[in-house]
Amino acid sequence: MSQPFSEIPISPSSGPPGLMNGQGEDHTKISPEDYATTFVMFTSRLILSEKKLLNATSLAFGALLSPGREIDPSPPAIQRDPARCEKCGAYPNLYSRLTPVSGQWQCMLCQKINSSNGEYRPAGANDLHNWPELVSPVVDFMDAGSWRPGFVPVADSTVAAAPVVLVIDESLEEPLLQHLQSSLHSFLDSLGPSTRIGIITYGKTVSIYDLSETALAAADVIPGDVAPSHELLKMLIYGTGIYLMPIHTCLGVAHTIVSSLRPYSGNLREAGRPRCLGTAVDVALALIQGPSTQIMAKRSGGNSHVLVCAAGPNTLGPGSLPQFENHPNYAYIEANSIKYMERLGRKARLSDTAVDVLCAGTCPVRAVTLEPLVKASGGVMVLHDDFGEAFGLNLQRSFTRAGGLRATLEVRCSEGIGVSSVIGPGQDASSDAAESFGREPAVALRMMSVEEHQGFALSMQLTSNFHDDYAYFQFVVRYTGTFQARITRVITVRLPVTTSVSKYLTGINPEAAAVLIAKRTALEAKSMADAAELRFSVDQRLKDIRSRFGPRAGAPPFPREITKLAEALFHLRRGPLLGSIVGHEDERLVIRNIFLQASYELALRMVVPRVYLFHDNGSFEAVPAYNLAMQSQTALILDHGTDVHIWLGHELCQDEKRNVVAFSACKEFVREITETRFPVPRMLTFKEGSSQARYLQARLIPAHDDPPYEQESRFPQLRELTPEQRARLKVKFVKTDEPSLTVWMKSLKL
């Protein structure tokens, strides 16, 4: 069975006088290292020089790359062709050394001296700002061949936006349908006037709505139990109906179509209702592609989108599944369904179309068969409780998220450093690289798109002992931007090399290391049984770290410098990725795949939840994620990446005025911290003592039975409570067998 995201194995790759260092004052007025970390976060600020020690340790070394991040100030844009190293293909950067007289520059990766054709001839360090690539660790080169002279980017409303086709499940009960209609009306009103829209519904048949009919909702209907033939699609596209129109010309009829949707009237249970999802998506792709004479290699506005609004599994037509999993041929049918959906996703990718599947309701959607469609097309899959507010926001952000097309990623490292594996939304492209240099990059990938919420986890190792003072890394992303300019983003990082283990430990970034370990672990967690085994592997990893880095004289068994790593991995064991918080396999699969392609910030929140404590002055204080934060006199916000919870204490709720103020402040704060997040997290609100409060408590580390000194060490805010408040806090928790972090670490002798 193919998996939605796979590990991409990469084979590890194996100053003259008169040179001036290119590093100058950074345009961002922050250090180059800090600016680079907004795009790439290494697990350590240092790298060990000894191959045996760095490669053998369970302290994973590597980088977390978020190439599509949008920051302010943005990287310098350079409208000329970049120079390249003739030997390894690297780009000149702030760590390159220059010969001002001749304009030659020395590659920091392979040490080759290259010509710049007289370009780099600064009179002094102050002149380096004429070449942004020599002063900034991150730059964007605009391909001169694709840049149009005199072209000025204009407002999105005047650009012909890529089309979007709504593919709507029509087998919905009345409550779900009402929420869906409300969300769809809001989505239509949010579209730019030039956006071309199409509407398709599917059930037993596929209905393709004619948007040229202004007085009523009219549709052409085709069978859903078989794949549409070429002749049928040709008749549809060349017929009299108009199925894709700019929203400013058809907004009224689009609203009429949405309002005309009716609830399911049959008597079949949800999982058994006919849903020809595969046929409907195939028709949507045909509409986007259009007549052969209209196919263009370039489209303004980026990706086209197919947005599937589903409330159940694909049960009819190509790629469908039997109603019951005990069907004698279920495994064979499921394998064929996965293959079909993957082919459909690749077909979408060829037309620069992303298929996003947004599900809602309580019926299982058999995510294992829909995920290949999403993965191959570069889309996303999200589950919702209903078609309400979170669904509506995801619908809008799914369409409006910025992304680059036809993207590639290359990674180059200093000689002696290799990339052993990459986890993220890409495919190995080392065999079809367009460029040829004497030394190939450590990584060459095809990316589905370049988006802010995406990220890659790169595991690295030494191929030999490292003897230089610094190690260099260069990450290069090439993609076609919104205005069809070909952009090359170059990110360059330098790390000091040390022979001291103690110095290396002080340079460890525990949160980044935890995310890299979590991604490598979650990649293997394909089922509940796998998750149970991997929880044990996390324990063994920490024991191995203890054996290699401790104990030291006068120090605890586990290195104090990376205690936060143990805490983060304890969250990993208990959380939705490996723990039992998530029950259904659909939800587990979707969360796992969101995590595997998530940017560093989102991935960190999915591993280690962040808790905010509300104060009466309207401020919020970030506190450790322990159940000791559940204090009855206040309110809490728990941010776990894909889920956000608001918890209102019992004493707070008794004061109606304080309760209203606190709840309003919490909702506004949640809106601020999730304003640009995609997918939009599910938000739950509950009071202390309610049955739903267990959802929050299950994500917090239990520490109520720890000794007082341990509690204060891990949760310093306790010192602000009175003895009476601390006593009430301790007695309100129910006794369980679940260990605290302290007990768990002692059981492992850490």
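Which hand does the crossing of α8 and α14 have, left or right? The crossing of α8 and α14 is right-handed. Handedness has a rule: a crossing is left-handed if the near helix is turned anticlockwise from the far one by less than a right angle, and right-handed if clockwise.

This is a predicted model, where local features need pLDDT of at least 70, side-chain atom pairs count only at pLDDT 80 or more, and totals for chains, interfaces and linings use all residues. Residues are numbered from 1 along each chain as its sequence is written, and side-chain values use heavy atoms, with hydrogens and water left out.

**Helix pairs**

Helices (H or I, at least four residues) and strands (E, at least two) are DSSP runs, numbered from the N terminus. Axes are lines fitted to C-alpha atoms, for helices over the stretch in contact, and angles run from 0 to 180 degrees between N-to-C directions.

Take α8 (residues 367–377) and α14 (residues 585–596). Their axes come within 10 Å and cross at roughly 25 degrees. α8 and α14 are therefore roughly parallel to each other. Angles under 35 degrees count as roughly parallel, over 145 as roughly antiparallel, 65 to 115 as roughly perpendicular and the rest as oblique. On the α8 side, A367, V368 and E371 make the contact. Contact here means heavy atoms within 4.5 Å. By class, this contact of α8 with α14 has four nonpolar, one polar and two charged residues. Ala, Val, Leu, Ile, Met, Phe, Trp, Tyr, Cys and Pro count as nonpolar, Asp, Glu, Lys and Arg as charged, and the others, Gly among them, as polar.

Next comes α11 (residues 510–522), which packs against α13 (residues 563–574) at an angle of about 35 degrees. The axes of α11 and α13 are 8 Å apart, and their crossing is right-handed. P510, A513, A514, I517 and A518 of α11 meet K564, L565, A568, L569 and L572 of α13. The residues of this contact divide into nine nonpolar, no polar and one charged.

α11 also meets α15 (residues 600–607). Here the axes come within 10 Å and cross at roughly 80 degrees. That makes α11 roughly perpendicular to α15. The α11 residues in contact are E511, A512, V515, A518 and K519. Their partners in α15 are Y600, A603, L604 and V607. The contact of α11 with α15 has seven nonpolar, no polar and two charged residues.

**An annotated stretch**

UniProt lists residues 82–120, in an unreviewed entry, as "domain: Zinc finger Sec23/Sec24-type". UniProt positions are given in the numbering used here, feature names are shortened, and annotations may be inferred rather than shown by experiment. Over residues 82–120 the chain is 0% helix and 21% strand. The end C-alpha atoms of that stretch are 12 Å apart.

L94 lies in the loop between β6 (77–78) and β7 (97–99). L94 is buried, with a relative accessible area of 0%. Buried means under 20% relative accessible area, exposed over 50%, partly exposed in between (1.4 Å probe, protein chains only). L94 and L128 are 34 residues apart in sequence and 9.4 Å apart in space, C-alpha to C-alpha.

**Backbone details**

| Cis peptide bond | Omega |
|---|---|
| D72 to P73 | near 5 degrees |
| F678 to P679 | about 0 degrees |

P73 lies in the loop between β5 (62–65) and β6. P679 is in the loop between α17 (656–673) and β31 (682–687).

D352 is not a glycine, yet its phi is positive, at about 55 degrees. D352 is buried, with a relative accessible area of 10%.
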